[in-house]
Every structure is written in structure tokens, then in C-alpha cells.
Amino acid sequence: MDSIRIVGGHRLNGVIPISGAKNAALPLMIASLLTDDTLTLENVPHLADVEQLIRILSNHGVDYAVRGRRRADGQNFARTIDFTARDIVDVTAPYELVSKMRASFWVIGPLLARMGEARVSLPGGCAIGTRPVDLFIEVLSALGAQIEIEKGYVHATAGNGLVGARYAFPKVSVGATHVALMAASLARGETVLENAAREPEVRCLAECLNAMGAKIEGAGTDTIHIEGVAALSGARHRVIPDRIETGTYAMAVGMTGGDVLLKGAETETWQAAIDVLGEAGIDITPEEGGVRVYRNGNGLVAADVTTRPFPGFPTDLQAQFMGLMTKASGTSRITETIFENRFMHVQELARLGADIALNGQTATVTGVPVLKGAPVMATDLRASVSLVIAGLAAEGETQVNRVYHLDRGFERLEEKLGACGAEIARVSA
Ligand SMILES: CC(=O)N[C@H]1[C@@H](OP(=O)(O)OP(=O)(O)OC[C@H]2O[C@@H](n3ccc(=O)[nH]c3=O)[C@H](O)[C@@H]2O)O[C@H](CO)[C@@H](O)[C@@H]1O
Ligand SMILES: C=C(OP(=O)(O)O)C(=O)O
């Protein structure tokens, strides 16, 4: 099993190219199930989750062709991939495939809308929480699906097709909003979704669906109107830049000090985090071609955050922010409101000398002047990269084990950081 070895203490200077967003690419790929035409996606990141979803889609009968590869300058791994679901050969998404990646459950929406039936394994819990699927079942039922849970599978049918409806989510869910958008696009009549997720990835999916012929208005706000259409066609759509990867590298620069251009990044999609990083002493400014992150020799200052659905501070940056705060002067309170168990990084950061007290959903981080490198274990995707951030500023060597978690969501992390002066390498066991 690979690990990442870091020798801390090097400032980061240079350019880091930002990849296409994992959390936008996955629902876009799943949308290819809605049409027998080709959906061409540009800027698809090369990540373990993307490769796993390709396997899942192939199982349903989707053909794919990768058209872009590493550019001559070696700086970008963005790929263009054609997905064609000419015939759906299987409406079952089996346990062996779904259990490896939670977002694969989302195939339930397009399979049901296009084929009138889907049988998808319950995804189960994961390291960050129980992650139930009740909202998916509720919204699909509101659209007229009959749903039974049998032997660990959600079996959804809609013999006469789905029918538009008004549905208010009792809780904001990104995944259930994605699924509702895809299902309602092929339902008869109008659907209104209230308290919908406003994440940029939802807007990206809606824009792609509209390019495929859907009639969706209001994506990016909490009320979305969808006028169902009889069929969708192919389209070409670009995956948005990864706001979580962007925020992660901004925090890495904040941690070590330095000056880095995050090439291809945007600021609008993570403003809440930019504001907090500003409080902490990190300058973030939009610039030609990307976003510049800068911290001079001055120290970091503690700041508080509470995770919220978009446009609030994203839960997917919470672990990284905690890593950053371990060396800030003062005390930071970090409250997690989205997932009940997203603090697995606390005990690993403590191995590096961090001072963190956990009380319910709030972690109180008292900054320490020095972190010391140690072997640590990655427990989930964002937790792993918080250990990398801390390791970049720790004295001596940090070894982050179980990096397969990192490979789910960070493309060529060690290359990108290494090119800016970090002493970081992948060690194959
Ligand atoms: C692949 C992807 O895009 N993953 C993101 C997506 O996950 P995901 O779409 O799974 O997260 P949700 O927005 O659905 O989850 C938000 C909250 O709603 C709860 N919930 C969700 C569905 C449901 O049926 N019942 C229910 O109670 C969840 O347990 C959680 O407490 O949004 C999360 C919140 O921004 C991010 O952390 C994940 O990185
Ligand atoms: C939690 C995440 O992903 P997933 O929803 O696929 O587990 C994430 O991207 O941080």
C-alpha cells in the first residue's frame, strides 16, 4: 500500500494547476445514462473515484472513449471523455460496486427515469457518518416511483413513467438534489424542488442537462423548476474547477508561507472559505488565469468556522482548516454541522503535536508553535489531506499511510506540491 513521505519546513512558491472537480464530474458522468446519444465531458480529472464510476457505468452498458491525455508540458491531466449509453443492459447497481463509492447510488435517478426501473444497492455508512438515503426515496416517491427495500437493495419502479411534483427537501442534500434534477428532467409535467442544494456542482449538472435539452430554471438557488421533456440528447460540457482542491492548496500555502498561483481556479465558488482564510492572515486574490495565494512571514491567526451547505463554509474543507489552525496563534473553534463523525483527523493531527479538544460537534484547536513529523494514518479523503497540510509545516519527516483515500480526490498531489518546493514523495510498499 502506497504512502506519502513529507519533510516539512519548505515554503511553497510557483504555480499549481487546479483540476476539474470530482464532485461535479461524478454526477455529470451519471447523467450520460439519461440519453442514448453521446455526452462529451471536458476537464475530467484522473482520480480513483472517476475510474470506479466508469466501471459502474460500464456495468449498465455505457461505452466510453478517452480523448485527451497529458499535455505536452505535462502540467495538466484534464481529459475529454465521451460517454454513450446506447442501450442500458442492466438496471442493477450491485453491492460490490456501489459499496466502494457512495455517489454511485445516484444512478438510481437516471435509470428509473429512462428505464422505469432501477435496483441499486444501499451504499451504507462510511468513515464520516451514517449517510442515509431517505431523502432520495422521498423525492423519487413524490415523482411517482414505487420503492421497496429488499435484501439491501433499493428497488424503484415507475411502470408508467415519472410524473412532475412539488417537493420540499426537509434537509439540504447535494446528492438527492442531483438525483431529483436528473429524474424530473424526464418526468411528465412540471417539478418544483424547494430547499434544494445550491452548490456550484448542482448548477454545473443543471447546465449540462439543459445543454442536453432539459428545461431547468433556478439551479444555484434553493428553488428549482424543471419542465419534464420526452427525451434528452447528447451534449458537450466542461467540468468546473475543483473548489475543494483550490481551497486545500490555498491552506497549504497559508500553512508553509509562500506565493502560489492556483491556475484555472475561481473565487466565487468558495467565498466563505476565502473570507475565513483572510481572517487567518492569508491573502487570496483573483488574477489573470487563476487565483493567487500569498502569506508573508507573519504568523497565522486563529479563526472560527462552522460548516454549512453552500454558500457556507464547506464540510469538505473542514479537516484541512483544522490542520491549518494547529499552528495559528490563539484558539480556533471548528463546528461540523453536516456529518456527525467527520473528526477522524483529530487523533492523527495530535500525533504531530496538535492541541485539539473535541466536545460533541465542536473541536477547539489551540495553536502550537511547533509540529513534529510522525507516521500518521489517513482515514478518509479530506482527513488525509489535512495530514499532508500539517506535515508540510512539521519539523522532520511525516509519513501519511493509506493514501488510497487521497487518490479518490486529489490528482497528482505530490507532483503539484513538489513542483512548488515541497519535499514530498510517494513511497510504494
Ligand atoms: C460526491 C459528492 O458530491 N459528495 C459530496 C456530497 O455528498 P452527499 O451528496 O452524499 O451529501 P449530502 O448533501 O446528501 O448530505 C448532507 C447531509 O444530509 C444527510 N442526508 C443525505 C441524504 C439523505 O437521503 N438523507 C440524509 O439525512 C447526510 O447524512 C448529511 O448529514 O455533499 C456533501 C456535503 O456538501 C460533501 O461533503 C460531499 O463531498
Ligand atoms: C465526502 C466526500 O466524498 P463522498 O461523498 O464521495 O464520500 C468528499 O468529496 O469529501
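Two strands are taken to pair if DSSP finds at least two bridges between them; helices (H or I, at least four residues) and strands (E, at least two) are themselves DSSP runs, numbered from the N terminus. The model is predicted, and local features need pLDDT of at least 70, side-chain atom pairs count only at pLDDT 80 or more, and totals for chains, interfaces and linings use all residues. Residues are numbered from 1 along each chain as its sequence is written, and chains are lettered from A and ligands numbered from 1 in the order in which they are written.

Strand β8 (residues 146-150) runs antiparallel to β9 and is joined to it by 5 bridges, with Glu148 opposite His155 of β9. These two strands form a hairpin with 2 residues between them, and Lys151 in the turn has a positive phi of about 50°. Strand β7 (residues 117-121) is likewise antiparallel to β9, through 5 bridges, and places Arg119 opposite His155.

In a regular strand the side chains alternate between the two faces of the sheet.

Val154 and Ala156 are both touched by Ile108, as are Ala118, Val120, Phe136 and Val179, not counting residues up to four places away in sequence; contact requires C-beta atoms, placed from the backbone, within 7 Å. Ile108, Leu112 and Ala183 have the most contacts inside the largest nonpolar core, which has 79 residues. Such a core is a set of buried Ala, Val, Leu, Ile, Met, Phe, Trp, Tyr and Cys residues joined through C-beta atoms within 7 Å. Helix α6 (residues 174-185) gives the most to this core, with 8 residues. A second, separate core of 66 residues includes Ala252, Phe343, Ala354 and Leu413.

The protein is divided into domain 1 (3-18 + 241-427) and domain 2 (22-238), with bounds from an automatic or database domain assignment. Their C-alpha centres lie 30 Å apart, and 20 residues of domain 1 are in contact with 17 residues of domain 2.

Cys126 is found in the loop between β7 and α5 (134-142). Because Cys126 has 15 C-beta neighbours inside 10 Å, this residue counts as partly exposed. Beyond its neighbours within four places in sequence, Cys126 is in contact with Arg102 and Arg131.

Terms used: Contact = placed C-beta atoms within 7 Å. Buried ≥ 20, exposed ≤ 12 C-beta atoms within 10 Å, placed from the backbone.
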